[in-house]
Amino acid sequence: MKRIATLAGLTAVCATASAQSSVTLYGVVDLGVRYVKNGDASVTSLASNGNNTSRLGVRGIEDLGDGLKAGFQLETGLSPDTGTQQDPARFWNRRSTVSLLGRLGELRLGRDYTVTYLGYEDYDVWSDIGLSSVGKFDSSLGTARDTAVRSDNQIAYFTPTLGGFYGRAAVALGEGVVGKKHAAGRFGYAAGPVDVSVSYGLTSVAPVGGDDTFSTFDVGASYDFGPVKLSSYFSQSSFADQKVANVYLGGQVPLGLGLVRASYLISNLSGTTPAGVGVDANDAHQFALGYLYNLSKRTALYSNVVHVTNKGASAIAVDKNSTLVAGKGSTGVDLGVRHTF
């Protein structure tokens, strides 16, 4: 409560600043009833983050003149079903950055999304949220990689968009911690109905058989036909003698005040673990279908149905609220409400 009061106070103080600067307090609250069946075990719960990640944030920008601006953004994830923060170890777990923005682009410092994560998340019609999350298929292959979604101590540069072309590059300073040192780049084109990009990243991890580099490669594309928007991506992570490759196809169709979404993902593991165990048979695929209905610009109702089929020793669950036996299927259904402010 003290932290939230501090945020509110900060916003009030900054509201009296000059018109050349601004500070905004914002957030999302998302809660829904969720039913999950993992193998033969089932659980019904009140769960958060079914359509959007519940969060509280504050961001601001100051005009420094001559086309240069300074900005910051601090954001924490919330679990409104219990009133707790998502990450007990840190308050600003989602983002904590300061930026300089100008005609040459943006220089951003701090904890933020990795370039390679956005290289596939941008093309998921659910934005890697809820039961349909695609991030659960992005294996770290037994390493201590801590750069799958976000990086600490990151220095990132975003080019200005030139004729639809854009570029992004980032380096995360590991500061002596295994799994945190990371470098990545992304190049893409987005104009009109088309968006396509390629990204590649490397993370330093503990060595296995002389290999100490975890690599990630993404290529994604989307096209808005008007009545339907289609998107797809291919993502592959590799380390030592193991690989995980994910192929995704998604679509979304506006329907009145709502949106129908569907996706299908195939995840393929290959290679051998350091212990000499083959993983070729441990594949999985996911089908998801959902509907979002907008009650207003800020409030929406949603429902999703998701099923994961596991093979071999794969045990990927739509929700880990109940234990899933390897090789068994996982199904989830939810009905919720999301409000933004």
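Two residues are said to be in contact when heavy atoms of theirs lie within 4.5 Å. The views below are close-ups of a predicted model.

View 1. Y248 belongs to strand β14, which covers residues 242–255. If neighbours within four places in sequence are left aside, Y248 is in contact with Y123, D124, V125, V134, S231, S232, Y233, S263, Y264 and L265. Is Y248 buried or exposed? Its relative accessibility is 1%, and because buried means under 20% relative accessible area, Y248 counts as buried. The C-alpha atom of Y248 is separated by 27 Å from that of S204, a residue 44 positions away along the chain.

View 2. Within it, Y200 has F217 of β12 as its bridge partner. Two residues lie between the strands in the hairpin of β11 and β12, where G209 takes a positive phi near 60°. Strand β12 is also joined to strand β13 (residues 229–239), again in an antiparallel arrangement, by 10 bridges. Here D218 has S235 of β13 as its bridge partner. The hairpin of β12 and β13 has four residues between the strands, and G226 in this hairpin takes a positive phi near 100°. As a general point for reading such a view, side chains in a regular strand alternate between the two faces of the sheet.

**View 3. A nonpolar patch on the surface.** The residues L64, L68, V98, L100, L104, L107, L109, I155, Y157, V171 and L173 form a nonpolar patch on the surface, and together they have about 930 Å² of accessible area. Which strands each supply at least two residues of this patch? They are β6 (95–102), β7 (105–113) and β8 (150–158). L173, another member of the patch, is placed in the loop between β9 (165–172) and β10 (182–191). With a relative accessible area of 40%, L173 is partly exposed.

**View 4. T97 and its neighbours.** T97 is placed in strand β6, and its relative accessible area of 5% makes it buried. The side chains of T97 and R95 are joined by a polar contact of 2.9 Å. Apart from its neighbours within four places in sequence, T97 is in contact with G71, F72, Q73, R108, L109, G110, R111 and D112. Two of these residues, R108 and D112, form a salt bridge with each other, in which the closest N and O atoms are 2.7 Å apart. Both partners are buried, R108 with a relative accessible area of 13% and D112 with one of 6%. Elsewhere, salt bridges that share partners join D87, R90, R111, D146, D152 and K180 into one network.

**View 5. A salt bridge between D319 and R34.** The structure holds 12 salt bridges, and one of them is formed by the side chains of D319 and R34, with an N to O distance of 2.6 Å. D319 lies in the loop between β17 (299–310) and β18 (330–340) and R34 lies in strand β1 (residues 21–38), so this pair ties together parts that are 285 residues apart in sequence. Both D319 and R34 are buried. R34 is also touched by S48, a residue of strand β2 (residues 41–48) that is buried at a relative accessible area of 13%.

**View 6. Two loop residues with positive phi.** D128 is not a glycine, yet it has a positive phi of about 55°. Its place is in the loop between α2 (115–121) and β8, where D128 is buried with a relative accessible area of 11%. E175, likewise a residue other than glycine, has a positive phi near 50° and is found in the loop between β9 and β10. Is E175 buried or exposed? At 58% relative accessibility, E175 counts as exposed.

Note on methods
Residues numbered from 1 in each chain as written. Predicted model: local features only at pLDDT ≥ 70, side-chain atom pairs only at ≥ 80, totals over all residues. Heavy atoms only, no water. Pairing = 2+ DSSP bridges. Patch = residues over 30% accessible without salt bridge, like charges linked within 9 Å, V, L, I, M, F, W, Y side chains within 5 Å. Areas by Shrake-Rupley, 256 points an atom, 1.4 Å probe, with all protein chains shown as cover. Salt bridge = Lys/Arg side-chain N within 4 Å of Asp/Glu carboxyl O. Buried < 20%, exposed > 50% of the residue type's maximum accessible area, 1.4 Å probe, protein only. Polar contact = N/O pair within 3.5 Å; in protein donor to acceptor, adjacent residues only side chain to side chain.
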